[in-house]
Amino acid sequence: MNNVPSPSALVYLRKKYEKGTRVELVCMDDPYTRLTPGLKGTVLSVDDIGTIHVAWDNGSSLGVVYGVDVIKKL
């Protein structure tokens, strides 16, 4: 399974989810996470494989995996 975004997709993600952008979790494909849909957080960065690093309001810093997890911009 190859979820690495193309260079143009990375540019798009970095523009859409700039540092400081507020987001809300829609769903996360991780059976062990304590993050629940509706949780809000602040984007810290987008790395080279498209993971969106978020400082969640509950204190977690679990990243959002490109092509797997879903967030929406607030």
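Q: In this predicted model, buried means under 20% relative accessible area, exposed means over 50%, and partly exposed covers what lies in between. How does R22 count at 30% relative accessibility?
A: The limits that matter here are 20% and 50%. The relative accessibility of R22 is 30%. This value lies in between the limits, so R22 counts as partly exposed.

Q: How many salt bridges does the count give?
A: Side chains of opposite charge can pair when their charged atoms come close. For a salt bridge, a side-chain nitrogen of Lys or Arg must be within 4 Å of a carboxyl oxygen of Asp or Glu. By this rule, the number of salt bridges is 3.

Q: How many residues apart in sequence are the parts that D48 and R14 tie together?
A: The side chains of D48 and R14 form a salt bridge, with an N to O distance of 2.8 Å. D48 belongs to the loop between strand 2 (40–46) and strand 3 (52–56), whereas R14 belongs to helix 1 (residues 7–16). The pair therefore ties together parts whose separation in sequence, in residues, is 34.

Q: Is D48 buried or exposed?
A: Exposed residues have over 50% relative accessible area. R14, the partner of D48 in the salt bridge, has 34% and is partly exposed. D48 has a relative accessible area of 58%, so this residue is exposed.

Q: Which residue forms a salt bridge with D57?
A: D57 is partly exposed, with a relative accessible area of 49%. In its salt bridge, the closest N and O atoms are 2.8 Å apart, and the partner is R22.

Q: In which strand does the partner of K40, E24, lie?
A: K40 and E24 meet through their side chains in a salt bridge of 3.6 Å, N to O. K40 is in strand 2, so the pair ties together parts that are 16 residues apart in sequence, with E24 in strand 1.

Q: Is E24 buried or exposed?
A: A residue is buried when its relative accessible area is under 20%. K40, at 32%, counts as partly exposed. E24 has 15% relative accessibility, so E24 counts as buried.

Q: What is the order of the strands in the open sheet?
A: Strands of a sheet pair through backbone hydrogen bonds, either parallel or antiparallel. Here 4 strands form the sheet, and the pairing is antiparallel; their order is 3-2-1-4.

Q: Which strands are the edge strands?
A: An edge strand here pairs on one side only. In the order 3-2-1-4, the edge strands are strand 3 and strand 4.

Q: Which residue of strand 4 stands opposite V23?
A: Strand 1 and strand 4 run antiparallel and are joined by 4 bridges. V23 has as its opposite residue in strand 4 K73.

Technical notes. Residues numbered from 1 in each chain as written. Predicted model: local features only at pLDDT ≥ 70, side-chain atom pairs only at ≥ 80, totals over all residues. Heavy atoms only, no water. Helix = DSSP H or I, 4+ residues; strand = E, 2+ residues; numbered from the N terminus. Buried < 20%, exposed > 50% of the residue type's maximum accessible area, 1.4 Å probe, protein only. Pairing = 2+ DSSP bridges.
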